[in-house]
Amino acid sequence: MSITDIQLEENLAHHDDHHDDHHEQSFISKYIFSTDHKMIAKQFLITGIMWAVIGGGLSIIFRLQLGFPGADLSWLKPILGEWIDAEGSIDPEFYLALVTMHGTIMVFFVLTAGLSGTFSNFLIPLQIGARDMASGFMNMLSYWMFFLSSAIMFISLFLETGPAAGGWTVYPPLSILSDAIQGSGGGMTLWLVSMVFFIASTLLGGINYIATVINMRTKGMSFSRLPLTVWAFFITAVIGLLSFPVLVAAALLLVFDRSFGTSFYLSEIFIGGEALPNIGGSPILYQHLFWFLGHPEVYIVILPALGITSEIIATNSRKPIFGYRAMIGSMLAIAFLSFIVWAHHMFVSGLNPFLGSIFMFLTLIIAVPSAVKAFNYITTLWRGNIVFTPAMLFSIGLVSFFISGGLTGIFLGNSALDINLHDTYFVVAHFHLVMGSASFFGLMAGVYHWFPKMFGRMMDKTMGYIHFWLTFVGVYLVFFPLHYIGIAGFPRRYYAFTNFDAFSTFGDLNTFVSIAAIVTFAAQFLFLFNFFNSIFRGRKAPENPWNSNTLEWTTPRNPGHGNWPGPIPTVYRWAYDYSKPGSDSDFIPQHIPLSQTPESNFPHEEELAKSEVISEDNGAHESH
Amino acid sequence: MFELIIVVAVVLIIAIVYTIFRVTTLIGIAKGDSTSKVPSNNKTQAMLMVLFLVLGIFGFFYYSFGGLEDSFIQPIASKHGVKTDFWFWITMAVTSFVFIFTQILLFGFSYKYQYDENRKASFYPHNNKLEIIWTAIPAVVLAILVISGWKIWQDITGPAPEDAYEIEVFGYQYGWSFRYPGRDGKLGDYDYKKIDDTNQLGIDLKDRASHDDFVSNQLYLPKGKPVLLKIRARDVIHSVYMPHFRAQMNAVPGLPTKFWFEPTKSTDDMRTETGNPEFKYELVCNKICGRSHFGMKAIIIVEEEEDFKTWFKDQDAFLKLNPEYLSQVPDDLKEVAIISSELENNEINQSVGNTNSSF
């Protein structure tokens, strides 16, 4: 979308009486209340990027506190105001608010809405061959619910009592009692309201994705020919649809306890000099409800990234993805198992140890399909002909993080070992690698790969490379050392470690981690520049810059409303016919009939090719 | 002035970088690298992959075995901790092997199979045998790890031995209190509504088992004897975390929890072992609980059992230290309470006098 395009649109909007093409829209219906899936995807992406800057920025502030304890941070006063005290240190309660908001923003606003919202919206219709989502209006509502939710969460950052500060999991009673922490006052109320809108947004989106994938696939696009991206988005949407409503239930009960004097989560509490009347509730109930969403949520975050990676690795290795069916099978297995492992977050919560045993077994089963996926990626690279686009680099980085972070899950899923590791920096290192960074790299890979189709222009490669290497090395330098700190028993969410003899030895390492985090964060501005600059000034993209097989690359440079100017292409093959033996070209797109590629067809495909001709004749007759 | 110079310098640097960026872009256009199928620096990226792999593995080994390992491994001081640490390191060996092996494959393949115009990638969509192998091997390895973990978990979370010392751990914003059962070996009841400035744990003096209970703000433990911690919280969730004992359990308001273990090294033993004469065991709060979460700690003192018993005997019951609470004891238990809490006569008279005056 170049500046001239926008100006053109504005001019057109002024001359409404002249337009003879019904696709031309006013600025508002094109860019704001758009029902076009591509525009909604861009809205999600740009909102997600803004949240990523805020969420990342918050982490830099608390890394300053951890890496340079006692440093004079009064230069942050213009941003943080009263949260910086007279000596220039961060208020300990605000520190907790920073940690809480960093988690909430990153998990929900960046890696759920920013990732699924962007790529499910953008790619599902384009890759299955549909003109738009099943319901464009619901899709628009989905974005605006997210926007409303974002606005409320953003406002909560500026409350006098601060935003929610009880950790992103907002465990009661801490999140109920504003006597216990002031963030549990207005900040927590806004957090809950915001999350309810967020969940509504996710559900509206999810229903749409599922309906679209089931009903609107183009001719020939059977489930066994769907690109793995679409499989991943589809499964993600199903997981979200089943798990997010439970979070609403948990939040609703929390609202009742906070405002209407019920005792779902409260029992036998003495605070602020008085005994509360609440009896019989259980804080553990909340943890069960929360993690029933919370654990599937980590797969909601990582599966789309894995889908994107599957597509990018296959395309740039010029090779079919290894084990297409195994990839789908492992995603289905992960999706199913993700619902029955939640209590591994609660091994030391006072849970019945027998339940702990059951959840340990189920948890370690989920490692098997994850391992299969990692091996399949590596085998896809084997004997490939690899093109290192920035998207490919980010995908390889994702696989590296997925392995490094996934392996430490084997420690944490083992309840006996979890006793000593629970809530330490080992956990922080684990999920930041396997879920945070891996999923973030999936998002980046997706942006670099599909930018040409989104904006009709190319991003700068060299800057992409520099961005990748700084970020990749940076992420490892930030999160790898945290394992060591975690093994030593450092607890999470500590404002400072100076009170403890056992933890005082890691000052230098914490400084190192903080510096690495600052450099990594700074490197993201390179991306921001590249992204926004390329939208307007990037070089014009060819229709299919990566020589890829999927249907989105058959659309024009700037696909309009309805995606294909002519009829929707029919699909004749799976998405991974790269370097097929016998073919001159190293890729055969999905819309090329088998009958046109007799030189590369396998014997069973020859049979299909014959029936193809007949059905095409039928199609021709129908259209007359 | 100095700030102004910094700002100007930053602006200049950004301008220079941007100019370089524009120039390289233009050169790229002139060279026509947008028409080539493969980025011109494909090879560089492949080399960087290998460089990263080599430096990364070197860094991993250097940091893990380069003499720094003492700083991140807390010495073990409990019986079950030896077992969990053993399996921790077994798991570490297995996962480190897989970690290094797969990263070598990932970056090695990336380098080896970098784009070459004269080669065609091999069409290799699946291989059932391979896939079964790498489903089965992780499944077997994980099964071994899980079963061993499960056995240890059962031992740790199973019932405490009969002869375990019972101690109540009480977490509140922001500190810990410990209640010992006194001579009768039984902890008395509690009632959160009885909490006040003095009776911070809400000891319910209606229960005769509570009369000899005493309270400490440090956790004294006997070496070589099992201890059963009965854990509660006053306000929000806390977590009793003792890294040296590899022990952790949440303290939940309204839901008493427990954890038992056996300390194997006294504080003095640890001072000898670590060579740190100042060494102290610390009990840490490990569940976010509010403003001073990071300062919520207690000192643990492990003594030889004889010394522990002596210390235990020397402690005064809560009731003895706070005789005014005798008024909360039901009339029929008052005499028993006076005896079991070792309240002396003059104190009784005083307290009875107080109680009377309060009526």
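## Basis

The model is predicted: local features need pLDDT of at least 70, side-chain atom pairs count only at pLDDT 80 or more, and totals for chains, interfaces and linings use all residues. Residues are numbered from 1 along each chain as its sequence is written, chains are lettered from A and ligands numbered from 1 in the order in which they are written, and side-chain values use heavy atoms, with hydrogens and water left out.

## Cavities

Rolling a probe the size of a water molecule over the atoms shows where empty space is left. Here a cavity is a set of points, on a 1 Å grid over the protein atoms alone, where a 1.4 Å probe fits but cannot get out. Lining residues have an atom within 4 Å of a point. Grid points are joined across faces, edges and corners, and a volume is the space filled by probe spheres set on the points. The count is 5 cavities of 30 Å³ or more.

The largest cavity has a volume of about 200 Å³. It is lined by 20 residues, and A:Thr112, A:Ser116, A:Thr202, A:Gly206 and A:Tyr209 are the closest to its centre. Helix 5 (92-128), helix 7 (186-215) and helix 8 (228-259) of chain A each supply at least two lining residues. Helices (H or I, at least four residues) and strands (E, at least two) are DSSP runs, numbered from the N terminus. Helix 7 of chain A gives the most, with 7 residues. The lining of the largest cavity holds 9 nonpolar, 11 polar and no charged residues. In this scheme Ala, Val, Leu, Ile, Met, Phe, Trp, Tyr, Cys and Pro are nonpolar, Asp, Glu, Lys and Arg are charged, and the others, Gly among them, are polar.

The second largest cavity has a volume of about 150 Å³. Of its 17 lining residues, the closest to the centre are A:Asn420, A:Ile487, B:Asp85, B:Phe88 and B:Arg246. Helix 13 (415-421) of chain A and helix 4 (79-112) of chain B are the elements that give two or more residues to this lining.

Strands of a sheet pair through backbone hydrogen bonds, either parallel or antiparallel. Two strands count as paired if DSSP finds at least two bridges between them. Chain B has an open sheet of 5 strands in the order 3-2-1-5-8, with mixed pairing. Strand 3 (214-216) and strand 8 (257-261) of chain B each have a single partner strand, so one side of each lacks a neighbour in the sheet. The twist averages 25° from one strand to the next.

Strand 1 (residues 165-172) and strand 5 (residues 227-233) of chain B run parallel over 7 bridges. B:Phe170 stands opposite B:Arg232 there. Strand 1 and strand 2 of chain B pair antiparallel over 5 bridges, forming a hairpin with 2 residues between them. B:Tyr172 has B:Gly175 as its bridge partner. Strand 2 and strand 3 of chain B are antiparallel over 3 bridges, with B:Phe178 opposite B:Ser216.

Strand 2 (residues 175-180) of chain B is mostly covered, with 6 of its 6 residues buried. Buried means under 20% relative accessible area, exposed over 50%, and partly exposed in between (1.4 Å probe, protein chains only). B:Gly175, B:Ser177 and B:Arg179 point one way; B:Trp176, B:Phe178 and B:Tyr180 point the other way.

## Buried polar and charged residues

A:Asn563 lies in the loop between helix 16 (507-537) and helix 17 (603-623) of chain A. A:Asn563 is buried, at 1% relative accessible area. Its side chain makes a polar contact with the side chain of A:Lys38 (2.5 Å). A polar atom of the A:Asn563 side chain also lies 3.3 Å from the backbone oxygen of A:Arg131. A polar contact is a pair of N or O atoms within 3.5 Å; within protein, one must be able to donate a hydrogen and the other to accept it, and residues adjacent in sequence count only if both atoms are side-chain atoms.

B:Lys320 sits in helix 8 (residues 318-321) of chain B. B:Lys320 counts as buried at 17% relative accessibility.

## Backbone geometry

Most residues other than glycine have a negative phi, and most peptide bonds are trans. A cis peptide bond joins A:Pro172 and A:Pro173, with omega about 0°. Another cis bond joins B:Gln173 and B:Tyr174, with omega about -10°. B:Tyr174 lies in the loop between strand 1 and strand 2 of chain B.

A:Val170 is not a glycine, yet its phi is positive, about 35°. A:Val170 is buried at 0%. A:Arg493 has a positive phi of about 55° and is buried at 9%.

Definitions and conventions
1 Å grid on protein atoms, 1.4 Å probe; cavity = no way out; pocket = protein on both sides within 12 Å on 5 of 7 lines; lining within 4 Å. Axes fitted to C-alpha atoms, helices over the stretch in contact; angles between N-to-C directions.
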